[in-house]
Amino acid sequence: MPITLQPKLLRALQENKIQRIGSNSEEKIDVKIISSIAAGPEKLISQGRLRADLYYRLGVVVIPIPPLSKRLDELEALCNYFIIRHNSRLGKAVQEIDAEVLKIFRQYDWPGNVRELEHVIEGTMNLMYDEEKIEASMLPQFFYRSMGFYSGQQALVPNEKDLLQENTKPEVINHIKKDSLKEEVFKFKKAEPELIHQALSKTYG
């Protein structure tokens with residue numbers, strides 16, 4: 001909220017009255033406010049972006065919410081919630097998220113918090129066809145780039161599982177070693193034609 005509007009909200013809360021635009025009379029109100037801030041209040045107050053008196057008026061009950069990186073035990077529940085939410089909105093039938101995906105998620109620091117997690121889940125589901133499980137190979141490239149797994153124009157999936165289907169030719173399969181994840185990356189050049197062929201077959205051209 002702009003600093004110039006904050007005194008108006010403070011006055012309304014203190015007096016329990018508001019005056020509509022164009023009106024000459026005040027109306028009584030009885031409200032409870034649930035508000036949120038993305039930074040520490042002391043910092044915002046020192047920067048002149050939050051009035052101290054408004055903060056003390058609003059902050060009767062303060063519930064600090066740790067960043068997602070500090071509560072990774074909630075990842076699975078949040079993922080399931082977003083899957084249900086976007087199944088309905090996107091017309092999908094996703095049932096679960098693979099354990100390997102959760103393992104990758106726990107290695108990420110989530111600077112965008114829960115909103116970023118939902119963005120990744122939604123982006124993945126948008127590109128799914130009739131699959132019922134979110135797997136590591138389905139995650140968007142922008143997510144792997146943000147994790148630092150990137151080579152040229154291709155984001156690289158950081159796990160040891162075969163990311164190709166079981167009928168993929170053995171000579172196009174590569175693995176990444178756990179102990180040198182960032183040094184040894186997937187090489188997709190040989191696998192790309194086979195992956196394209198499989199995608200075309202699966203989607204009937």
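Biologist: Is Trp 110 buried or exposed, and how is that read?

Modeller: Relative accessible area decides: buried is under 20%, exposed is over 50%, and partly exposed lies in between, with a 1.4 Å probe and protein chains only. Trp 110 has 2% relative accessibility and counts as buried. This model is predicted, with local features needing pLDDT of at least 70 and side-chain atom pairs 80 or more, while totals for chains, interfaces and linings use all residues. Numbering runs from 1 along each chain as its sequence is written, and side-chain values use heavy atoms, without hydrogens and water.

Biologist: How many aromatic pairs does the structure hold?

Modeller: Rings of Phe, Tyr and Trp (its six-membered ring) pair if their centres lie within 6.5 Å; planes under 30 degrees apart are stacked, over 60 edge-to-face, and the rest tilted. The structure holds eight such pairs. One of them joins Phe 105 and Trp 110, edge-to-face, with 5.2 Å from centre to centre and 80° between the planes. Phe 105 is buried at 0% relative accessible area. Tyr 108 and Trp 110 have ring centres 4.8 Å apart and planes at 75°, so this pair is edge-to-face. Tyr 108, at 8%, is buried.

Biologist: Which residues do the ring pairs link into a cluster?

Modeller: The cluster consists of Phe 105, Tyr 108, Trp 110, Phe 143 and Tyr 144.

Biologist: Where do the buried residues of helix H6 pack?

Modeller: Helices (H or I, at least four residues) and strands (E, at least two) are DSSP runs, numbered from the N terminus. H6 covers residues 113–126, and its buried residues pack against helices H4 (75–90), H5 (99–106) and H7 (141–147), and against strands E3 (96–97) and E4 (133–134). Contact here is heavy atoms within 4.5 Å. The buried residues of H6 include Leu 117, Val 120, Ile 121 and Met 125, and also Glu 116 and Glu 118.

Biologist: What span does H6 reach from its first C-alpha to its last?

Modeller: The expected span of a helix is 1.5 Å times one less than its number of residues. H6 has 14 residues and reaches 20 Å, close to the 20 Å expected.

Biologist: How many salt bridges does the structure hold?

Modeller: Side chains of opposite charge can pair when their charged atoms come close. A salt bridge needs a side-chain nitrogen of Lys or Arg within 4 Å of a carboxyl oxygen of Asp or Glu. The structure holds eight. One of them joins Arg 51 to Asp 53, with the closest N and O atoms 2.6 Å apart. Arg 51 is partly exposed at 30%, and Asp 53 is partly exposed at 33%.

Biologist: Which parts of the chain does the pair of Asp 98 and Lys 133 link?

Modeller: The side chains of Asp 98 and Lys 133 meet in a salt bridge of 3.7 Å, N to O. The pair links distant parts of the chain, 35 residues apart: Asp 98 is in the loop between E3 and H5, and Lys 133 is in strand E4. Asp 98 is buried at 11%, whereas Lys 133 is partly exposed at 27%.

Biologist: Which residues do shared partners join into one network?

Modeller: Arg 11, Glu 15 and Glu 26 form that network. Arg 11 and Glu 15 have their closest N and O atoms 3.6 Å apart. The two residues lie four apart in helix H1 (residues 6–15), which means a separation of about one helical turn. Arg 11 is partly exposed at 39%, and Glu 15 is partly exposed at 40%.
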